[in-house]
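Me: I am new to this structure and would like to understand the terms used to describe it. Please set each value against its definition.

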Amino acid sequence: MPVQLTTALRVVGTSLFALAVLGGILAAYVTGYQFIHTEKHYLSFGLYGAILGLHLLIQSLFAFLEHRRMRRAGRPLKLPSPRRGSVALCIAAYQEDPDYLRKCLRSAQRIAFPDLKVVMVVDGNRQEDAYMLDIFHEVLGGTEQAGFFVWRSNFHEAGEGETEASLQEGMDRVRDVVRASTFSCIMQKWGGKREVMYTAFKALGDSVDYIQVCDSDTVLDPACTIEMLRVLEEDPQVGGVGGDVQPPGKGMAVEDDQVQAAQVRATEAWSVHQCNISREQ
């Protein structure tokens with residue numbers, strides 16, 4: 001049977017069923033027929049209530065059948081082929097809470113995607129920012145795959161004592177570290193989040209097909225990259241995909257003061273903290 005005919009029959013059948021239910025409800029309401037009731041009619045169950053209950057039951061049944069049909073029609077999750085698209089995860093960090101940063105980096109380490117490149121750019125290169133580089137070494141460092149560079153400047157503002165030659169040397173060094181390392185950390189002169197993202201994008205260039213971004217207090221699901229990339233590769237008209245941002249501690253037993261803190265963090269999460277992936281142009 002053609003799909004259009006099937007759809008039309010379902011629309012007509014649903015409409016007729018809705019009209020029948022509506023007519024039954026109106027008739028039951030007008031007649032006021034009751035099956036059982038107490039002596040003074042404090043409690044009663046009549047035809048009107050029976051039709052409403054039957055309507056709810058049938059709606060629930062149809063919803064269950066439709067949900068099962070959609071689940072069966074859905075394709076199983078497949079890992080995108082490495083040859084189809086390479087991905088770099090860019091993490092923006094600024095004076096982050098050490099515990100949040102560790103959780104973020106550990107979650108990035110657990111992402112189930114082959115050859116995922118992780119680039120953390122720290123917005124600040126002063127002594128008080130050095131603890132973030134230490135945490136990077138603690139979680140992702142210690143191997144030949146990890147690289148780092150402390151830059152006195154950024155791509156739009158030269159640091160103290162920089163010459164034109166040393167500035168260009170620093171740009172080249174940032175690019176080399178990011179492209180040669182599976183895990184890289186760049187500490188640069190403060191310039192705001194846009195400058196941090198610019199550094200990551202500029203250093204990566206066209207070396208990857210997709211760029212995924214998040215803040216340094218985001219805990220990433222191991223399947224996040226696969227799920228978002230699957231959406232991108234299924235539809236060439238989609239240029240970017242956003243993740244499902246949830247407040248910290250969801251589903252966990254916490255104390256009152258932790259709940260209050262989580263509520264503050266949740267408000268921030270909906271406004272600025274996201275995990276997105278987009279095509280590299």
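Reply: Accessible areas here come from the Shrake-Rupley method with a 1.4 Å probe. The model is a predicted one, and its accessible surface comes to about 17800 Å², of which 57% belongs to carbon and sulfur atoms.

Me: What makes a residue count as buried, and how many of the 281 residues do so?

Reply: A residue is buried when its relative accessible area is under 20%. By that cut-off, 35% of the 281 residues are buried.

Me: Why is the largest set of 32 residues called a nonpolar core?

Reply: The name requires buried residues of types such as Leu, Ile, Met and Phe, joined through side-chain atoms within 4.5 Å. Strand 3 (87-93), helix 3 (98-109) and helix 4 (130-139) are among the elements that give two or more residues to the core. A second, separate core has 22 residues, including C90, V119, V178 and A203.

Me: What does L89 touch, leaving aside residues up to four places away in sequence?

Reply: Contact means heavy atoms within 4.5 Å. Among the residues that L89 touches are A108, I111, V118, V213 and L220.

Me: How do you know that the buried residues of helix 4 line one face?

Reply: The buried residues of helix 4 are M132, L133, I135, F136 and V139. Seen down the helix axis, they fall within an arc of 155°, and therefore line one face of helix 4. Their cover includes strand 3, helix 3, strand 4, strand 5 (146-150) and strand 6.

Notes:
Residues numbered from 1 in each chain as written. Predicted model: local features only at pLDDT ≥ 70, side-chain atom pairs only at ≥ 80, totals over all residues. Heavy atoms only, no water. Buried < 20%, exposed > 50% of the residue type's maximum accessible area, 1.4 Å probe, protein only. Helix = DSSP H or I, 4+ residues; strand = E, 2+ residues; numbered from the N terminus. Arc of directions from axis to C-beta.
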